[in-house]
Amino acid sequence: MYMIEFSGQSGGSQAGKATRPYHILLNRIFYQKQDSSDYFKTLLFLSIVFRVSDKHQNFESEGAEFLQKSDSRNVYTIDFAIPQERWHNKTDVELRSYIAEGVRSCFDSLKQKAIELGEVIDEDKLERDFEYGMTQFMTLPLPELKGR
């Protein structure tokens, strides 16, 4: 799929270590580059940025926020703010469920924007492939990270 790119900004090294494997797994599922998109007419893809609070920086929010068009490319992006208490000392099952819920919320906002813009080629395919990807996210093992 070439649907959603995931990136992250963390408020400290512990936040990054805790959440980075999840956004890497999501990229492996949703961001396999292709020459063209199966989902959008002119948009390249959608983008979700994890903003994970930690002791060094607290983003002081939670959930989907700041939906906007990228200045540098034809991409719509949204932030997914994650407070420290949502990731700190959580099990994989707890954190994966929380992230999945947040990703769904972000995707719904991005999808609605793309529909409003007339960018979606096949809404059913977009939704089906997203759901398939989320099923993979909930079941695939997390990637092993160096230095972890």
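Modeller: The answer below goes from strands to single residues, then to rings and a helix.

The model is predicted, so local features need pLDDT of at least 70 and side-chain atom pairs count only at pLDDT 80 or more, while totals for chains, interfaces and linings use all residues. Residues are numbered from 1 along each chain as its sequence is written, and side-chain values use heavy atoms, with hydrogens and water left out.

I begin with strand E4 (residues 75–82). Helices (H or I, at least four residues) and strands (E, at least two) are DSSP runs numbered from the N terminus. Of the 8 residues in E4, 8 are buried, where buried means under 20% relative accessible area, exposed over 50%, and partly exposed in between, with a 1.4 Å probe and protein chains only. Val75, Thr77, Asp79 and Ala81 point one way from E4, and Tyr76, Ile78, Phe80 and Ile82 point the other way. Both sets are buried.

Strand E2 (residues 45–52) runs parallel to E4, and 8 bridges join them. In that pairing, valine 52 stands opposite isoleucine 82. Strand E3 (residues 63–69) pairs with E4 in the antiparallel sense over 5 bridges. There, glutamate 65 is opposite aspartate 79, and a hairpin of 5 residues joins E3 to E4.

Most residues other than glycine have a negative phi. Phenylalanine 66, in strand E3, has a positive phi of about 60° although it is not a glycine. Its relative accessible area is 51%, so phenylalanine 66 is exposed. Glutamate 60, in the loop between E2 and E3, also has a positive phi, of about 55°. Glutamate 60 counts as exposed because its relative accessibility is 69%.

Back in E2, isoleucine 48 is buried because its relative accessible area is 0%. Contact here means heavy atoms within 4.5 Å. Leaving aside neighbours within four places in sequence, isoleucine 48 is in contact with Ile4, Glu5, Phe6, Ser7, Ile78, Phe80, Val103, Cys106, Phe107 and Leu110.

Phenylalanine 107 counts as buried because its relative accessibility is 0%. Not counting residues up to four places away in sequence, phenylalanine 107 touches Met3, Ile4, Leu46, Ile48, Leu126, Glu127 and Phe130. Phe107 also belongs to an aromatic cluster with Phe6, Phe30, Phe50, Phe80, Tyr98 and Phe130.

The structure holds 11 aromatic pairs. Rings of Phe, Tyr and Trp (its six-membered ring) pair if their centres lie within 6.5 Å; planes under 30 degrees apart count as stacked, over 60 as edge-to-face, and the rest as tilted. Tyrosine 2 and phenylalanine 45 have ring centres 5.6 Å apart and planes at 55°, so this pair is tilted. The pair links distant parts of the chain, 43 residues apart: tyrosine 2 is in the segment before strand E1 (4–10), and phenylalanine 45 is in E2. Both are buried.

A charge sits over a ring if NZ of Lys or CZ of Arg is within 6 Å of the ring centre and within 35 degrees of the ring normal. Arginine 96 lies over the face of phenylalanine 137, at 5.6 Å from the ring centre.

Phe137 and Phe130 are among the buried residues of helix H4, together with Leu126, Asp129, Gly133 and Met134. They cover an arc of only 140° around the axis, which puts them on the same side of H4; the arc is that of the directions from the helix axis to the C-beta atoms. The face turned away from this buried side carries the exposed residues Asp124, Arg128, Tyr132 and Thr139. The cover over the buried residues of H4 includes E1, helix H1 (13–30) and helix H3 (92–116).

H4 also passes a length check. The expected span of a helix is 1.5 Å times one less than its number of residues. The 17 residues of H4 (residues 123–139) should therefore span 24 Å, and the end C-alpha atoms are 25 Å apart, which agrees.

Terms used. Pairing = 2+ DSSP bridges.
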